[in-house]
Amino acid sequence: MVNRVYTQVIRKGEVSCCWICTTCKDNEYVQDEFTCKACELGWWPNEDLAGCQPLPLKYLDWADVESIVAVVFSCVGILITSFVTFVFIQYRDTPVVKSSSRELCYIILAGIFLGYICPFTLIARPTVTSCYLQRLLVGLSSAMCYSALVTKTNRIARILAGSKKKICTRKPHFMSAWAQVIIAFMLISVQLTLEITLIILETPEPIKSYPSIREVYLICNTSNLGMVAPLGYNGLLILSCTYYAFKTRNVPANFNEAKYIAFTMYTTCIIWLAFVPIYFGSNYKIITTSFSVSLSVTVALGCMFTPKMYIIIAKPERNVRSAFTTSDVVRMHVGDGKSAAQCGSNSFLNMFRRKKAVSRNAK
């Protein structure tokens, strides 16, 4: 194998019979005995330095250590998520499931499942299909989780805000299960619309990247805008959910789910704050994104569903209605419309009676 090659260069100011040998650069081949010519990007001189040959394409391989760890982690997460979903469906009519807004829990579980699917699309060899899935799933999975959590924490905050009022008022709007689902899907649709718009503006496809003249990587053509915009919206959802979770941290015992949500959001904020500088400051963008998404959904799965699964499986005697019954002060703000109307009429009747008693005493 030839490591160095030389060309003849006539020394300036001397006769043409004299020359010196000049070394060609690493990425150059010998065009003729007087000329070294550089290979184009993605090409490298062959062994005899007579021409250029294409460099092998590099991309994250399934056999890499980091890929194996990410895939195993995701597979375990998928199995656990499937088991939790199965248990929740089996016990869907029990108090512990019904009291935790089971419809929103199903949306969260679907988002967690998609989050564990993301590493497979990120690690796979870049193709048009895998690039489309990357652009859709990374943002959509997080949006499904955090949209449902924002809806849930907002509902708890409104319930507690109403319970602090001295006079019983009407039931807050949009408190039913289906209203909560519609609100969550509206928040998710914003993310989906954003991603579809970016896909139309920048069609996903595999491209070649050249971090150095001797390396060629096959990657998806995701620009900084294509990554920042969906993550920015998810960041807005995370901050909103963190705000409501902090606001409702000191809640009655029967609303202690807010404390688990708060811990989930605090941990998620730490993960994504670490993700941003690592993603934009290193060349390990795929692995960084893969582990960030997997860790985020794992935190949501562990903090939100472990307490419920513990009660369902290990402590069935606590899975009774009395353990999840709210106080009268809180119940009057989440009850049905008749109860709220009756509550309102009783309040005005009591006010009238108090005024009548005061007038009698004055006489």
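Predicted model: local features only at pLDDT ≥ 70, side-chain atom pairs only at ≥ 80, totals over all residues.
Ser 101 lies in the loop between helix H2, residues 95-98, and helix H3, and although Ser 101 is not a glycine, its phi is positive, at about 55°.

Is Leu 49 buried or exposed? With a relative accessibility of 10%, Leu 49 counts as buried.

Let me now turn to the record. The UniProt entry, which is unreviewed, carries the annotation "transmembrane region" for residues 68-91, 103-124, 178-201, 227-246, 258-280 and 286-305. If we take two of these spans and ask what the model shows there, residues 178-201 are 100% helix and 0% strand, with their end C-alpha atoms 34 Å apart, and residues 286-305 are likewise 100% helix and 0% strand, with their end C-alpha atoms lying 28 Å apart.

Next come two helices whose length can be checked. Helix H6, residues 224-247, has 24 residues, and from its first C-alpha to its last it reaches 33 Å, which is close to the 34 Å expected at 1.5 Å a residue. Helix H7, residues 257-281, has 25 residues and should span 36 Å by the same rule of 1.5 Å a residue, and since its end C-alpha atoms are 37 Å apart, the two values agree.

In H7 the buried residues include Glu 257, Ile 261, Thr 264, Met 265, Thr 268, Trp 272, Phe 275 and Tyr 279.

I would now like to go through how some of the helices pack, and I will start with helix H1, residues 65-90, and helix H3, residues 102-123, whose axes are 9 Å apart and which meet at an angle of about 160°. Because of that angle, H1 is roughly antiparallel to H3, the cut-off for that description being over 145 degrees. By class, the contact between H1 and H3 has 18 nonpolar residues, six polar ones and no charged ones, and the crossing of these two helices is left-handed.

Phe 73 lies in helix H1 and, at 31% relative accessibility, counts as partly exposed. The C-alpha atoms of Phe 73 and Tyr 116 are separated by 8.4 Å, although the two residues are 43 apart along the chain. In helix H3 we also find Ile 123, which is buried, with a relative accessible area of 1%; from C-alpha to C-alpha, Ile 123 and Gln 134 are 9.8 Å apart in space and 11 residues apart in sequence.

H1 has a further partner in H8, where the packing angle is about 30° and the axes are 10 Å apart. That angle makes H1 roughly parallel to H8, and here too H1 passes its partner in a left-handed crossing. Helix H8 itself covers residues 285-314, and Thr 306 is found in it. Thr 306 is partly exposed, with a relative accessible area of 46%, and its C-alpha atom is separated by 9.1 Å from that of Val 84, a residue 222 places away along the chain.

The last pair is H7 and H8, which pack at an angle of about 175° with their axes 9 Å apart. H7 is therefore roughly antiparallel to H8, and by class their contact has 16 nonpolar, seven polar and three charged residues.

To close, then, H8 is roughly parallel to H1 and roughly antiparallel to H7, while H1 is roughly antiparallel to H3.

Definitions and conventions
Residues numbered from 1 in each chain as written. Heavy atoms only, no water. UniProt positions renumbered as here; feature names shortened; annotations may be inferred. Helix = DSSP H or I, 4+ residues; strand = E, 2+ residues; numbered from the N terminus. Axes fitted to C-alpha atoms, helices over the stretch in contact; angles between N-to-C directions. Parallel < 35°, antiparallel > 145°, perpendicular 65-115°, else oblique. Left-handed = near helix turned anticlockwise from the far one by under 90°. Nonpolar A, V, L, I, M, F, W, Y, C, P; charged D, E, K, R; others polar. Expected span 1.5 Å × (residues − 1). Buried < 20%, exposed > 50% of the residue type's maximum accessible area, 1.4 Å probe, protein only.
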